[in-house]
Amino acid sequence: QEQFVESGGGSVKPGGSLKLSCTASRSFDSIFSMAWYCPGPQNQRNRVASDTTKGITHYADSLKGRFTISRDNAKRTSYLEMNNLKPGDAGVYYCNSLIDPARWGQGTQVTVST
């Protein structure tokens with residue numbers, strides 16, 4: 001089935017920025033809603049942001065406008081732009097379809113430290 005590969009993570013200082021990429025192996029334009037997740041309590045993943053093919057976006061309230069999700073259907077890629085990163089944002093970020101999610105990928109590591 002569908003596979004997602006995350007990339008673009010790295011190590012930045014507080015206040016820095018990163019742009020994560022998530023590439024799907026198959027017909028990305030057929031995925032109605034893509035979502036990005038970050039680590040949560042009890043080894044769960046919390047949804048950070050999501051979008052739809054109709055351009056509707058949703059963000060977690062805690063982001064306070066710092067993250068932006070977008071997609072390029074032709075490249076089968078979802079993007080998560082992160083600005084003004086804080087130490088609490090650190091962790092492994094994952095992407096997946098919001099509906100009928102595929103197997104979780106390896107994610108991409110985001111480190112925020114001085």
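This is a predicted model: local features need pLDDT of at least 70, side-chain atom pairs count only at pLDDT 80 or more; totals for chains, interfaces and linings use all residues.

Residues are numbered from 1 along each chain as its sequence is written, and side-chain values use heavy atoms, with hydrogens and water left out.

**Stop 1: strand 10**

Select residues 108–112, which make up strand 10. Helices (H or I, at least four residues) and strands (E, at least two) are DSSP runs, numbered from the N terminus. Which residues form the covered face of strand 10? They are T108, V110 and V112, whereas Q109 and T111 belong to the uncovered face.

**Stop 2**

Two strands pair if DSSP finds at least two bridges between them. Here S11 stands opposite T111 of strand 10.

Next, select residues 91–97, strand 9. Strand 9 and strand 10 run antiparallel and are joined by 3 bridges. V92 has Q109 in strand 10 as its bridge partner.

**Stop 3: the aromatic rings**

A pair of aromatic rings is described by the distance of the centres and the angle of the planes. Rings of Phe, Tyr and Trp (its six-membered ring) pair if their centres lie within 6.5 Å; planes under 30 degrees apart count as stacked, over 60 as edge-to-face and the rest as tilted. How many aromatic pairs does the structure hold? There are 2.

Select Y37 and W104: their ring centres are 5.1 Å apart and their planes stand at 90°, so the pair is edge-to-face. Y37 lies in strand 4 (residues 33–39) and W104 in the loop between strand 9 and strand 10, so the pair ties together parts that are 67 residues apart in sequence. Y37 is buried, at a relative accessible area of 11%, and W104 is partly exposed, at 33%. Buried means under 20% relative accessible area, exposed over 50%, and partly exposed in between (1.4 Å probe, protein chains only).

Y94 is buried, with a relative accessible area of 14%. Y37, Y94 and W104 form one aromatic cluster.

**Stop 4: charges over rings**

A charge sits over a ring if NZ of Lys or CZ of Arg is within 6 Å of the ring centre and within 35 degrees of the ring normal. Finally, select K19 and Y79: the charged end of K19 sits over the ring of Y79, 4.8 Å from its centre.
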